[in-house]
Amino acid sequence: MPKILDKKPAICAAISGSTIDEFIDALKEAKGANIIEIRADGLEEPSTKKVRKLLETIRSETKLPLILTNRVIDEGGAFSGTEEERIKILEENMELADAVDIELS
C-alpha cells in the first residue's frame, strides 16, 4: 500500500456547542488532537459575526490548525438557514481557518 503521508495519521477532534463557552469547554476535552474541526453549525443562531468571534476566541486558546465547518441538516449538521447564508458564513470567515470543510453536493 503506498504511503500518502510522511507522518502518522493526524487526529482531528470535531468540537461543537451552542455558545462560545461550550466550544471552549469542548476544546479543553480535545486532548491529543492534532487538528480541531469547528462545527459552526452548532452555534445557536449562527451568523458571520458570531462565527468570527468564535474563531477568534478559539485561535486565542490553541495553536492547532482549525477546520471550519458549517453543515446543513441534510448533511448531518444543524444549520437551518439558507444556502446563501451558510456560504456567506464560510466565505467571510475562511481566512481565520486553516481549511474549510464543504460538501460536494
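So, start with the sheet: 4 strands make an open sheet, ordered S1-S2-S3-S4, with parallel pairing. Strands here are DSSP E runs of at least two residues, helices H or I runs of at least four, both numbered from the N terminus, and strands pair if DSSP finds at least two bridges between them. At the edges sit S1 and S4 (99–101), each pairing on one side only.

Before I go on: this is a predicted model, where local features need pLDDT of at least 70 and side-chain atom pairs count only at pLDDT 80 or more, while totals for chains, interfaces and linings use all residues. Residues are numbered from 1 along each chain as its sequence is written, and side-chain values use heavy atoms, with hydrogens and water left out.

Back to the strands. S2 and S3 run parallel and are joined by 4 bridges; there, Ile38 stands opposite Leu68 in S3. Packed on the sheet is H2, touching S1, S2 and S3, where contact means heavy atoms within 4.5 Å.

Which residues of H2 are buried? Thr48, Val51, Leu54, Leu55, Thr57 and Ile58, buried being under 20% relative accessible area with a 1.4 Å probe, protein chains only. Their cover includes H1 (20–29) and H3 (83–91).

Conventions. Buried < 20%, exposed > 50% of the residue type's maximum accessible area, 1.4 Å probe, protein only. Axes fitted to C-alpha atoms, helices over the stretch in contact; angles between N-to-C directions.
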